[in-house]
Amino acid sequence: MVAVIFHLVKPRKQPLKVLHSSSADFMLPGKRLGGGEVVVDESLIKRSKIDSSAASTTTTSAAAATTSTETCSSTAAATMGGGKNPTNGKLPVGGELEPNQTDIDEDLHSRQLAVYGRETMRRMFASNILVSGMKGLGAEVAKNLILAGVKSVTLHDEGNVELWDLSGSFIFTEEDVGKNRALASIHKMQELNNAVLISTLTTELTTDQLSQFQAVVFTDISLSKAIEFDNFCHNHNPPIAFIKSEVRGLFGSVFCDFGPKFTVSDVDGEDPHTGIITSISNDNPALITSVDDERLEFQDGDLVVFSEVDGMSELNDGKPRKVINAKPYSFSIEEDTTNYGAYKKGGIVTQLKQPKVLKFKPLAEAIKDPGEFLFSDFSKFGRPPVLHLLFLGLDKFVADEGRYPGAGSEEDARKLINLVNEMNDDELLSIDEKIVRSFAFGSRAVLNPMAAMFGGIVGQEVVKACSGKFHPLLQFFYFDSLESLPIEPLDPNDLKPLNSRYDAQISVFGAKLQKKLEEAKVFVVGSGALGCEFLKNLALMGVSCGENGKLTITDDDVIEKSNLSRQFLFRDWNIGQAKSTVAATAAALINPNLKVEALQNRASPDTENVFNDTFWENLSVVVNALDNVTARLYIDQRCLYFQKPLLESGTLGTKCNTQVVIPHLTENYGASRDPPEKQAPMCTVHSFPHNIDHCLTWARSEFEGMLEKTPAEANAYLSNPSEYCGGMEKAGDAQARDNLERVLECLDKERCESFLDCITWARLKFEDYFANRVKQLAFTFPEDAVNSSGSLFWSAPKRFPRPVKFSVEDQSHLNFVMSGAILRAESYGIPIPEWVVKSQNPTPEFAEAVSKVMVPDFEPKKDVKIVTDEKATTMSTASIDDSAVITDLINKLKACHKKLPQGFRMNPIQFEKDDPTNYHMDLIAGLANMRARNYSIPEVDKLKAKFIAGRIIPAIATATAMATGFVCLELYKVLSGNHKVESYRNTFANLALPLFSMAEPVPPKVIKHQQLTWTVWDRWILRDNPTLRELLLWLKNKGLNAYSISYGSCLLFNSMFPRHKERMDKKMVNLAKEVAKAELPTYRNHFDVVVACEDDEDNDVDIPQISIYFR
């Protein structure tokens, strides 16, 4: 019987206090001082205090555990649910969940919920995971799973922390050297998510212990032991998901076995495709066509169901039908509809996603017959079979020698080459000895970028195993990044350890590149999910950790609760603090040598006094960690201008992409752009919605109009009535008229003075939105109306609306009125009575108050204009008497102003999606769902409404970690220098499929003129404060005749203007100041001009921007 040591850390409301010096706990936020010192800032730390006796208690518990195997085992079983479940804690996909496992903190996990959905999250919350091997890869896997929120994670490692481990793992510090890796990890892992139970195992594993888990991950295990454990997991009932992964220098591998029969409920995680039907033929097979402005995404073999078909009602039976002959706007079904009713109108066709059953081979069998490998880089088409042999050969080497090959040891490399050649029984498979040699030299090293990348991949595979969501990796994946090595041959002596925390990295790249990394000057833009991962990676790699190195990070945002599930450097006590400051402090505690400066400035034209010319010119590389295209394009232009390398990345749910931008070698980020997202026409959103997205777009627009824009407009008037009215009179258009009408409404006609007034307003808004407007629309365009061509007006995609009759018995109706009334009261500064908010739902008193509201009868009006033009950009209709109406409205507004209390102001409400107590999403969901009810569109819950109306970008920790791993592999190349374009890689990956696609970057477009060539990267520089004449002569010497020179929008010179010849001998800087009124701050030593040129044959030539240096 083997003694098992479990250290259980139970979830607690307060964060754990570390039982040793603060420098050992990199999670401690603190303020940086000069010289690399870190001091703990008490304002950034809110921890519960644990008496120092806790340390001795923990030690005593550990000692006791070693003497009572039976007690420890039963404790573990109880902790992991084994005592209650006949499957020993195993939750099969599709099994029942315990009631206390179904609660999801939607504020914390909102971005993750947008990827996984509630069902997958609940299954994750019920899953117990083992991670064996707590070096860099194991730490990354555990981190991602803990952030995701599984039920429990058990950390296993029998070995002790070595200095060698520090370049690969963010968990360990020098104080941890000599401690058991699992025990040294537990407290910092627990801080990532207090809702997850973290425990440790520090002795040799047995197969019996594996039955406690839904999935087991091994990152440092021999092949023979792996086969033993995998056989047990494969044959267990139900099967236990087995994952084996290794990182060996610049090489990595993953193997997955989820059992003989594993069901995938959703292979890609995408929403089912839908289409709006315009016709169905009475044929065999039947042909279905759809509206011509929305492509169908069906493929042959897909199953679809029909609904809302008018006429051919036989198709509305919910029966799945197979798609054949799929085309962009039509498809057929294998069904004879000859005798069905004739199609009239309408209909929705929806893809029916089918589960998929996969059969995994056990490791022992898969090793001999691996099948098809998952490719990532098609420039290395024959590489995976070679890597398969390399990992097998390394296992044999370690088994024979009891150690890994030595870094730079030619003798060990030769032994491995011989082993691999002996194993190679494929005559067609050629083994490149250079690859084997590189593999051997770095085989002991766990590089952080590789650990981050594979930690994301493996973490996602665990989620798939626990939930059945997304397609698992089937079954081997091998990867290498040999291109990351320096171009020049490595000296074996340069690979030898220096007794430093970077020794593992040095064993792969050499000490020379390590020095370059440490002296680098790096600008990280953004400190969110990507930014946190980058800071961790860079600190572990030693980037900017040298005497002359410097890392600058900037982010103008503060930490919110929803950040905590993936921005792993932040804790709940950091909420409200600056992201960049907290992240930089945490990163400096990962590696105390990191020279980091945290700023809270948005990188934009407005902050070029902060990020000035000197700042940019001194940079080695820029790393983007941004979440919007506008900011990316700005940084891209700055990097172009100063000719700096840029590493770009982004994530969307399970997808990620990375791009390398290298001066003069690759195109820049802005050279190619995604097509803009298709926007629904304004008339569709306002009057003719046909999906819930339209309803939610309208709902948010109405929210902002009622509660933010109109109160702000009213305040603008109240602050300066004469100036405001003058501006409206000067504009004199429909927009000005609408603004005045809205201001007059909220200050006079609809002004609320009590909460009962607010209830009345909200109840009447319900009637206006969901009854009166619909009655007017149906009156103007009856159900049988036809358009000018004679076809039905209400034909697909339009849906005929029907009014909603208000009822105090309908909870959704009352919820709308309640949220509307509360927010209306807030905008007027009216106190909300206790009887309203004492319950989350409307109280009987509230319902009674609503029932007493008098609702006037409504009669539709004739000649009401409703915009139907899809090209219209405004819903305001111009009138020939707008000016007279505006004058009348201003007079009414002046009279109203006299009746208002002195100093009266409104409170504009800015939409905030992430506060569940502010009623914002309650109102928006109510607006959208009532409108959906008008048009018979399926309604959504508040969470789904939040995703769409809040424009939430789905995000998960696994994809973020993987993206930053890919980027940092490119960073080695950038800082090493002299790599050719074919050495770099842009990447697109989708963890859901899984798919990895790597390709060389696209070179920049080259422009030629005579003997000159240039690209978008070139900027011509003219120094020594030249005159206009000197600039023209300088261009003339290049065979270019300048006929126009401008600074900004101002023309400094044009050859057609005789008076401009008088400027010939003036300094260019004086022309910029005198003619263009340029304000050149003291930190700026140059300015840029745009010059239009032609050659001697009068052909226009596009030349680079010209920079004039005047000091």
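Guide: Two strands pair if DSSP finds at least two bridges between them. The model here is predicted.

Visitor: Over how many bridges do β13 and strand β14 pair, and in which sense?

Guide: β13 and strand β14, the latter covering residues 330–333, meet the requirement of at least two bridges. Their sense is antiparallel, and the number of bridges is three.

Visitor: Which residue in β14 is the bridge partner of Lys327?

Guide: A hairpin through two residues joins β13 to β14. Across this pair of strands, Lys327 has its bridge partner in β14, and that partner is Ser330.

Visitor: Which residue in β13 does Leu303 stand opposite?

Guide: Strand β12 (residues 303–307) pairs with strand β13 (residues 321–327) in the antiparallel sense, over two bridges. The residue in β13 that stands opposite Leu303 is Lys322.

Visitor: Is Arg248 buried or exposed?

Guide: Arg248 belongs to strand β7, which spans residues 241–248. The cut-off for buried is under 20% relative accessible area. Because the relative accessibility of Arg248 is 5%, Arg248 counts as buried.

Technical notes:
Residues numbered from 1 in each chain as written. Predicted model: local features only at pLDDT ≥ 70, side-chain atom pairs only at ≥ 80, totals over all residues. Heavy atoms only, no water. Helix = DSSP H or I, 4+ residues; strand = E, 2+ residues; numbered from the N terminus. Buried < 20%, exposed > 50% of the residue type's maximum accessible area, 1.4 Å probe, protein only.
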